Structure formats: C-alpha cells, structure tokens
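This report describes a single protein chain and some of its local packing. The sequence and structure come first, and the notes follow.

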Amino acid sequence: MGAFRISGGHHLTGEVSVRGAKNSVLKLMAVALLAEGRTTITNVPDIMDVTIMGQLISRLGATVDFDSEQRQLIIDVPAELEQRADYDLVRQMRASISVLGPLIARLGVADIALPGGDAIGSRGLDMHMAGLERMGVKVTSEHGYLLASAPERLRAASIWLDFPSVGATETLLMASVTADGTTVIDNAAREPEIVDICEMLAGMGARIGGVGTSTLVIDGVDALHPTTHATVPDRIVAGTWAAAAAIAGGDVTVHGADYHHLEIALDKLTSAGADVTTASDMFRVRMEDRATAVDIVTLPYPGFPTDLQPQFITLNAVSQGVAMVTENLFESRFKFVNELVRLGADVRIEGHHALVRGRERLSGAPVVATDIRAGASLVLAGLVANGETLVTEVHHIDRGYDSFVTDLQSLGADIERVPLPLAASL
Ligand code: UD1
C-alpha cells in the first residue's frame, strides 16, 4: 500500500466523479442478507472496506461477486446463514456491527465479535442493545462476543433513541422490517445513507414510513425479496473534493454528487470566499484567493458532518483569520491535529473545541494517517505545504477513497503513491 508523497504548491483544476457512499454501501451489503436470493447493488466504490465487508458476509454464507468495471456487487444469499461474525474481520471495520440486525431478524440469533474497546452497555453500542431488547432480543457478552438471541419472532416496539445515532437507527431498522407489528423509532438519524437503506429495504418489500424524518414507522412484513439498488453518492468524498479546491485554490467540478446532501458544507465554503455553483448532479468550487477562516460545529444530519471536520480544520489552518471548530460526535477526531501541527498548523485543542489560527503556508514533513478522514485531510494539507509531505499508513485512506491519488493527479496535484522501502528512506 505504501505511502503518498506530495509536493505542495499546485492549484487544482478539472473534473472528478464520485461513486456510491462507503457509509451506505457497507450497510446495503448487510441489508442484502435479509432476503434469500440474488441482490444487485450498483454505484459501488472500489475501496478496501467493501472488500472487507464482502469477506464478512461471505463468511456468513453469502456469495459475493464484485465487478470492478461495472462497479456492481452481486450478492447471492442462501436460505441458511451462519450466525457468527469473527473478530479477525470485525476488528478491521466497525461497520461490521451492521450484520447484527439482519442476522437477528433472519436467524433469531447472532454472535458478533465486539469492535475493539467496546463492551455491552458502554458508549458505542448501548442504543443498539436497548432497542433490540425492547423487541424481545436477549443480549449478553462473552469472550469478546456480543451474543444476541430471540426465542420467537421479533416483536414490534416503540423506541426512543437518546441520540440520533446512525448505527443504532440502522440496526433497529434492519431488525424491525420483518418484526411482528408496527415499530416506531423516534429521534432516528436522518442521514442520506439512512434514507438510502430505507429505499433499498422498500425495494425488497419492506414498509417504512417517515423516511428522511426523525420518526420512522415500520410495518413488519413476513419476508423480503431480493432487489437491485443504486448506492447514494458519497457526500463525504464529494465534500473532500470541495474542501480540496478551497484549500489548494483552483476550479474543481464534482460530478455524480447530490449537492443537497452537502448544502451546509458548501455554504461554509461560500463564507470562506469560494464561488460555488450547483446543478442537478454536480457542483463546482472555484477559489481564487486565500480563504477566510470559518467556524464549524459538527452535528447529526442535516448539521455539519463530523466526517468533514478534519478537512475543514485543514482549510482553516491555511485561511486568513481565526476559527473555532467544535466536535460534538467523536472527540478522538481531534487526534490527527498533532500530525497537522507537524506540518506547521497552529491549532489549540480545548476539550471538544479546536481553535485554529490560519497560516499562509504549511511546511512539508512526514506524517501518519490515523483514520480515513484524517488521512485525506493530511493529503490536502500536503497540497499547500512547502516542499514534500509524506503521508504513511495510507491504508486508512484506501478504506474510503476510490482512486484518490489518480483523481488528484488528474486535477494537477503533484502526488504519487510510493512503495514503503522508498518512503522509509525519504
Ligand atoms: C457513522 C459513520 C461515521 C460517521 C457517523 C456520524 C459509518 C460506517 N460510519 O458512524 O463515518 O462519522 O455515523 O455521522 O457509517 N453512540 C452511543 N451509543 C450507541 C451508538 C452511538 O453512545 O449505541 C455514540 C457514538 O459513540 C458516537 C455518536 O454516538 O459518539 C455517533 O455515533 P453514530 O451516529 O452511531 O455513528 P456510527 O454509526 O458509529
């Protein structure tokens, strides 16, 4: 996988296309498990996480065929599924927890390895568990596994989430579509990826009301059937390109994106001084001068996405002025700031606030990607750093960005993937 070597100082000009959303397709693959037979998912990004999820659902008994030319997945689901998701795969990807809903719905039992650090009832999975328990599922934890079992068909329930958690909404949706009766999920997440899952489920015969609102009403049906479904465009990848144009300067058109899903981020870029234009399935970001720093507060959708927070910290780090970035979803999201500071950024963290003072230029250095969005953001920082930046641990970036390096090259960036032995010697 190597590292990325970036030579800063080039504007970005040209056009890129985004594919389906990572945060949707992984869940759509789990949704496919709900129906016996052959389901097709299109607009699939060619990323590591799709491969890992493919391995996981194969282990559960499905046959998975990814056509990288057509960007399409064909998932053949047998009548009998395995109940156990092993640690070797789950630990690689937190999204593995999304097989819990389908397994408990289809088999009435599921053994899922706990993603690192989590324990039953702890922050992270408590809302998934509490909701399932209301539906008649018994949940325990043993030897690092979450063991869920329902002696009878799941029963509908009224569930109020403490927080509009994306993952908990998904688990409860997948569990309730074939439950006995009408389930109501209140304070549900409203992310476009949730809408996408609801639409795929509806295509399989599920009956879901309130799609796109914070109250989902699910009338359980006896069984679902396979379908063909196109993945919603990746708003976070699209937003990363938008931020890239504002950071490096230039003129970038992003195709295949739904700008309605990004309105708040694009509006921030306008406030930062960019010229943003939109059309049906594309948008264009032009930035001629140095940006002006913009305050950011992350919130559940339709608020500013936490998955774009690192990219906007990077934008602020090279803008004129001072900005406050407030992270309300994942505190550990600020970890990457240490790496950004290695590139010369001026960022002070106080709890869940980051105070960013813009610098005219950053200074190239070796840095380590700590997660997907942090990794992408360090690459964006490298685009405006003097000299060379070397980003290592790029497997994180490969997990979520399809053809990141070649797309950046096509926009005029000086970036290449270098093998690790060479990287180590730089
Ligand atoms: C998903 C996305 C992630 C995105 C996030 C918020 C995927 C694979 N990941 O993550 O990229 O940043 O939505 O948009 O789709 N929480 C609890 N208890 C629970 C569930 C969640 O305390 O039962 C907490 C989490 O620890 C976190 C916050 O709620 O602090 C948000 O979690 P959630 O919305 O569930 O995000 P994920 O589904 O994990």
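Q311 lies in helix 10, which covers residues 309–317. The model is a predicted one, and Q311 has a relative accessible area of 0% in it, so this residue counts as buried, the cut-off being under 20%. Beyond four places in sequence, the contacts of Q311 are I236, T240, A243, I247, R373, S377, L380 and Y401.

Helix 8 takes in residues 235–248.

At its start, a side-chain oxygen of D234 comes to within 2.9 Å of the backbone nitrogen of I236. After helix 8 comes G249, which has a positive phi, near 80°. I236, the residue whose backbone nitrogen D234 reaches, is also among the contacts of Q311.

Next come the aromatic rings. The count of aromatic pairs comes to three. Two of them are set out here.

| Pair | Geometry | Centre to centre | Angle between planes |
|---|---|---|---|
| F304 and F312 | edge-to-face | 4.9 Å | 80° |
| Y401 and F404 | tilted | 4.8 Å | 40° |

F304 is buried, with a relative accessible area of 2%, and F312 is buried as well, at 1%. The angle of 80° between the planes of F304 and F312 is over 60 degrees, so the pair counts as edge-to-face. Y401 and F404 are both buried.

Which residues form one aromatic cluster? They are W241, Y401 and F404. Y401 is also one of the residues in contact with Q311.

A ring also takes part in a contact with a charge: the charged end of R84 sits over the ring of Y145, at 4.1 Å from the ring centre.

Last is the confidence of the prediction. The mean pLDDT of the protein is 95, and 97% of the residues reach 70 or more. Over residues 117–121 pLDDT stays under 50, and for this stretch the model has 10 contacts beyond four places in sequence.

Terms used: Residues numbered from 1 in each chain as written. Heavy atoms only, no water. Helix = DSSP H or I, 4+ residues; strand = E, 2+ residues; numbered from the N terminus. Expected span 1.5 Å × (residues − 1). Polar contact = N/O pair within 3.5 Å; in protein donor to acceptor, adjacent residues only side chain to side chain. Phe/Tyr/Trp six-rings, centres within 6.5 Å; stacked < 30°, edge-to-face > 60°. Buried < 20%, exposed > 50% of the residue type's maximum accessible area, 1.4 Å probe, protein only. Lys NZ or Arg CZ within 6 Å of the ring centre and 35° of its normal. pLDDT = per-residue confidence, 0-100. Contact = heavy atoms within 4.5 Å.
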